[in-house]
Structures are given as structure tokens and as C-alpha cells.
Amino acid sequence: MVEPVGNHYIVARPVYSENSFDEEHEKLHRYHKNFWDNLKLYFRCSRQKVKKIALGLFPIVSWLPAYRFREWILSDIISGINTGLVSVLQGLAFALLVNVPPGYGLYAAFFPALVYFIFGTSRHISVGPFPVLSLMVGGVVVRLVPDSSTGNGTSTNMSIINEERVMVAASVTFLSGIFQLLLGILQFGFIVIYLSHSLISGFTTAAAIHVVVSQLKFMLQLSVPGFNKPFGIIYTLESVFSQITDTNIADLITSLLVLLIVFAVKELNDRYKAKLPTPIPIELIVTVLAALISYFVNFEERFNVAVVGKLEEGFQAPVAPDVGILQKCIGDGISIAIVGFAVAFSVAKVYSIKHDYPIDGNQELIAFGLGNIVGGSFKGFASSTALSRSGVQESTGGKTQIAGIISAFIVLIVILAIGFLLAPLQKSVLAALALGNLKGMLMQFKEVGVLWRKDKYDCVIWVVTFLAAVFLGLDIGLATAVAFELLTVVIRSQIPSCTVLANVGRSNIYRNRKDYTDIYEPEGVKIFRCSSPIFFANIEFFKEKLITAVGFNPLRVLRKRNKALRKIRKMLKKGELQVTPKGLICMANQTHESDEELDNNRIEELDQPTNMTDLPIRINWGSDLPPGITVPQVNIHSIVLDFSAVSFLDFSAMRVLQKTLKEFIRIDIDIYIAGAHEGFLEKLERCAFFDEEIKPSMFFLSIHDAVLHILLKKDIASSPKLKLTEVTLQFSFYYFCPFTLPTNTQLCANPTETKF
């Protein structure tokens, strides 16, 4: 019964152990499905299930018929055109990161967007090249087709090398698509949860640093070989600075000027985005102007600058991936697949929350997997979503993936018709545009200070991820970062928060006794909380903390008591002790015996419960013992373990916990476990946790129930009058208020009628 009184409430109910609660309240016996039941259900076929799978596999069937043509079409067209122009420029720029001719970046911007239109679940992300993935693919390209293989650098050799590099990029893209598709089919969309925000932020920031360093050779027009190995960034910088005197000044000035303009206008776009109807398309403006100036001034001949050159019109025939290449880049394919999905899903999730629609992680894996498979078959490279490009699509009014298909159509026009207009464009301009899109990533450095103030572990994960990815490379760095992140989880769970609780405010609320002044601790009772799962890695830590909290080691006390009993038996046998109504009296001078002599090679017997059945008197360990016999003092009689935050207990930890509880029980300390979650007792019963010493009756619904039970039990033990009603008495929460029985207390058989 709950009676509200203002902002207080009064509860009157019996003290419940788990057993008494189950006896009073009938529990439904539910059938829990096992693995085979779930497997049968998964493969069971029905009309509704086929329809659900079809709609899930082809999300376009769900949203396209509901498309609001009159309301959305104009916004999608404007958004698609803007996004398409950005996609063209980013495709060309990010192709430099992959170390393939710029034209192949257009394939990476076209095919994945086309596939995602049919299979994707996000309405706002723009699918295509992403600088981090482009750099990861470029690392594989450089490793398998290094610059040193270019021989004398003739056009024929360069053409052969470019073909080999395109094949490597296409093959690793195809492989990453296969991995994504398999993960999606096997419902592994949850894998993204192992990549925390701190890890992704640190990794993308490190990738931005790699992008900056990789573009220096295009901005300075230097012949810098690729170093796709640990500490490759240092070797790259060393190579750049060793050739710094060979810098092409025209390329340097052009790239710096473009970079300055792009950063300035992007800053204006961010600052006045609420007032601007659409962001200023600075990349497009700069590209057009740079191409025109380069063409009319003839930069290529006058200043020997590197230009994009002729772009092939139309599409090349699809090719099968090279099996030999696939075998050499399995690890790279996995890392590219996971990073691409993680970045895309995190961006898609932001927009899905903002615009209130669901996305499916498994279907996203399938969509990106198919996109990379198709893109790789047509000699494109790995795709995801660029944050800046998705921002353009959403901020310019994009409502659905109709905007995405229109942007793909813009890329198609460039591929088929007007690509030749970009031939005189300097590569240094593309490099500057690639760097101009890194502002958001580079600004993530500010998160370090924020994370340090909020969560030290997340801050350390960010720093370690960043350093590992910068110095070890993106592939090894990612693996190192994930391993370190999982290690921090193990460390945090291995060293759980363990506290001693006390009652606060004389109510049913228990908190850390160090945090409050108005606390009450029942005499002889310790309340111990572990705020973590208990498993093989932290059970010893839990045991040590529990021993520290109670102030003694129960096994040591038990052994000391058994040694004392051996000595007492020996003294009684020799007549050195005499039993009197007042206790044991020593009748002779005590002879010293070492612990080794008392052990008598029977150390295992010392761990058994104390047995006094053969003694003429029961030993009171708290009273005076015969001279020469000492045992550690135990000043508590009950321990309450709060398991409300213990989500699971594995079998290894269960064995150690069982042994530890028995050690306490054998020195006459009552153990109570409170707040255990549903199914905890059933699991313990299945694992044969209970026996003659450890019984299910030690489990209580809450700490308060356990404490009330202890207080009532001690009052009954100390009062002969109360012992008469022990069987029928149940005590209510009202008893708790003073924690001691006042002189005017009347105990009744009905718990709700207990009066003070």
C-alpha cells in the first residue's frame, strides 16, 4: 500500500526475501526461446515475412510512392544540382589521394550514388568519395604499385603504372564491398557500436593530417614516393623537405591562393548560413576560374605546372577484380569496409534524428556493399559519404534521395560530355580543394580539451587513436585504436567501483557513506555495493575490496579459530584447562607452540567450519580466551551485498564468490544479497551455487528488506518474548524509522498494524 502525503509517500508492506516474495506473488513461468527456436523462427517463411524482407531490401519501394512531388521536387532538384557540382570536384580531388588519374574519381561519385538511391535508407547523405577512405585505398595502391616501378618516367611507363594502380584501387574497393555486403546479410550492423565517437573523431583527424601531407607533393609539384608503412608520414615529410628547393612556385602560389579563398568563403557560409538561401559554391567558382586562367595563360607550357589532362569520355567496360590483388589486401578491405560504414552511418544517424525517420544499419551495409561492388567493377574506388557534401545536400533543401540521383546525373553529364573542359585545371588546385574540405576534421582537435574535462578515458582513446593512426598508418592505426578501446573497457570493468553504503535520512535510501553527514549504519552490519558485472577478470578485485571494507580476511580468521580449537583440545586433554560456570580456567603454565606444530601437516582442515561438538563448552570468540590463545576480533555479524548493478556473473567468478561467501559464513557472519536482477537465482541454481551453507534464503528484494530482516532477527535473538512470535511475525517498513525498538512498540502478526 502506498499513501501519498504531500511530496512524501508512506509504504507499508512485509519485509520480502526473494523466496517470500515468490511465495506470496505467483510468478508466470515463461518459455524462453533457445538458439534453435530463434534459428527456426529466422528461417520460417510466410507471406508477411517475405513482404517485410522485400520492403527492407528495397527501401525505395516504401518512400518513393509516398513522395510529395509538388512540395519536394523543386527543393530536391536545386539540392541535387548543388551537390552534383560538389561531387564532381571532390571526385577529381580525392582521386589524387588514391594515386589514380582524376577521371576515375567521377566513377566513384556516380555508381555508388546510383546504387544507394535504390538500396539506402537515409534520405539526406550524399554518397561518393570520402577523403579518409580515398587515402586508405591510396595506401594500398602505393604499397602494391610503388613509385619506384615507374622506371625512367616515360609516358608509356606512366600509362602502365596508372592502369595497374586503377586495377588495385578497383579490386580493394570490390573486396571492401563484399565484406560490407556479407556483414549486412549476416545482420552485423551493430559492429559500428565498437567504434566510439572518440575513436572515430581521433581517427578522422589523423586521416586529415595524412591528407595534408599527401597533398604537399601536388601543391609543390615534387616527386615524392609513397611510404605506406609505419612512420611513413615521417619519411614523406623528410622527402618533401629534402626536395623543397625544387618547388614549382606557380603551383605553390596557386594552391595557397585557392586554399585561402576556400577557407574564407566557407567561414562566411558557416557564419551567415541562417541568412544565405544557399551556401556560396566556392569550389565550383574557383574551379571554373582556375581552369579558364590556366587555359588562356597556358600555365602548363609557361610554368610547367601539372594539369588534370584529358579525361576519357564515357564509361569503360566493367572488369573482374584481380584475385592476386585480393589475396594481398584482405586486411585493408576489412578496415576500409568498417571505416566507410562507420562514418556513413554516424552521419546518416545525425540526419535521421534531426528529420525524424528511421535508418537500418544492416540495410546500410548492404547498400554501401553493393555500391562498392558496382563501383569497383567500373574502376571506381571506395565510397562513403563526405560530411561537407552531405551538408550541402541537406542545407540546400534536399528532402529525399531524389536529390542524390540528380547529383549523380550531374556527374554523368561531366563524364559523357563536358569533362574536356577540366583538362587545363591544375592538380595543385584540386589538392587545395581537397584540403579545403578538411576544416571540419581539423577542428576536431578542440575535442581533446572538452573530453579531458568530461571523461578522461575518452580523451585518452582520442589521443591514442590519433597518434597510432598518424604514425603507424591508417590500417594498423585503426586496429591499434580498436584494441586499445576494448582494453579500456576491460580495465574499467576489471576495476569496478566498490563502495560501502549507509542509510541516508533514516529512510529506505542507501548511498555511499563518504558522501553524506546524516547517515545511519546499523551496528554490526556492512552494506557493500559493486557497480559492475562480476566476471573472471575482476572477481579477485571484488574479493579484495570486500575484505578491505569489512576490515579482516575471513579465511585468516577461520584458520586462526581452528588453530585455537586444536590448542584448546590439546590443553583440555593434558588437564591444563578446566571448565567452570564462568568459562575456561588455565590450570598450568602455558607452553608456547608454533603455528607449524598446530598445523600438523593438516592445513586443509583449517579451512573447514569450526566444530565444537566434542567440547564441553561452546567457545565465545568475542570473550576472553585462555592465555596464549588469540584470534582476530570480528566486529560485524552481517554483510549485505548490493547486486543491483551486477548485470551478469560468469561461472569462474561464481566459483570464487561461492568460496568467499562460505569463508564468511564459517566464521558466523550472515550474508545477504540484495537487488539481484531477474533470472539471477535461476542461473545460480542451474550452476549448483547453493548447498547446505549457501541458501536461496539469503536473497532479498532490496537493501532495505535485508537490513530490516537483520535488525528484526537480532531483536528476536536478544529478546525471549519476541522469540515466541518469531514464526508468525512479519515486520513492516514502519519499523525502520528509528532503527531501534522504542519502549511503546507493539508487534502484531499483521505487518501493516505494527505500531510505535
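Modeller: What follows is a description of the pocket, the cavities and some residues of interest. Please keep in mind that this is a predicted model.

A word on the approach comes first. Rolling a probe the size of a water molecule over the atoms shows where empty space is left.

The largest pocket has a volume of about 1400 Å³. Its lining is made up of 47 residues, and those nearest the centre of the pocket are Tyr351, Leu387, Ser388, Gly391 and Gly440. Several helices share in this lining: α5 (69–98), α9, α11 (249–271), α12 (282–297), α15 (330–355), α17 (387–395) and α20 (439–442) each supply at least two residues. The greatest contribution to the lining of the largest pocket is that of α15, with 7 residues.

The cavities may be taken next. Across the whole structure, the search finds 3 cavities of 30 Å³ or more. The largest cavity holds about 500 Å³ of space and is lined by 31 residues. Leu135, Gly139, His210, Ser214 and Phe227 lie nearest the centre of this cavity. Two or more residues of the lining of the largest cavity come from each of α5, α7 (131–144), α9, α10 (232–242), α15 and α23 (474–494).

Phe203 counts as buried because its relative accessible area is 3%, and buried means under 20%. Between Phe203 and Ile534 there are 331 residues in sequence and 32 Å in space, taken from C-alpha to C-alpha.

Another phenylalanine, Phe190, is found in the loop between α8 (155–185) and α9 (197–220). Phe190 has a relative accessibility of 41% and therefore counts as partly exposed. Together with Leu182, Ile185, Leu186, Phe188, Ile193, Tyr194 and Leu486, Phe190 makes a nonpolar surface patch of about 770 Å².

Finally, the cysteines may be considered. A disulfide is a covalent bond between the sulfur atoms of two cysteines. The count for this model comes to 0 disulfides. For Cys498, the closest cysteine sulfur is that of Cys530, at 4.1 Å, which is too far for a bond, because the cut-off is 2.5 Å. Cys498 counts as buried, at 19% relative accessibility. For Cys687, the closest cysteine sulfur is also in Cys530, but at 18 Å, so this pair is too far apart for a bond.

Terms used:
Residues numbered from 1 in each chain as written. Predicted model: local features only at pLDDT ≥ 70, side-chain atom pairs only at ≥ 80, totals over all residues. Heavy atoms only, no water. Patch = residues over 30% accessible without salt bridge, like charges linked within 9 Å, V, L, I, M, F, W, Y side chains within 5 Å. Areas by Shrake-Rupley, 256 points an atom, 1.4 Å probe, with all protein chains shown as cover. Salt bridge = Lys/Arg side-chain N within 4 Å of Asp/Glu carboxyl O. Helix = DSSP H or I, 4+ residues; strand = E, 2+ residues; numbered from the N terminus. Buried < 20%, exposed > 50% of the residue type's maximum accessible area, 1.4 Å probe, protein only. 1 Å grid on protein atoms, 1.4 Å probe; cavity = no way out; pocket = protein on both sides within 12 Å on 5 of 7 lines; lining within 4 Å. Points joined across faces, edges and corners; volume = space filled by probe spheres on them.
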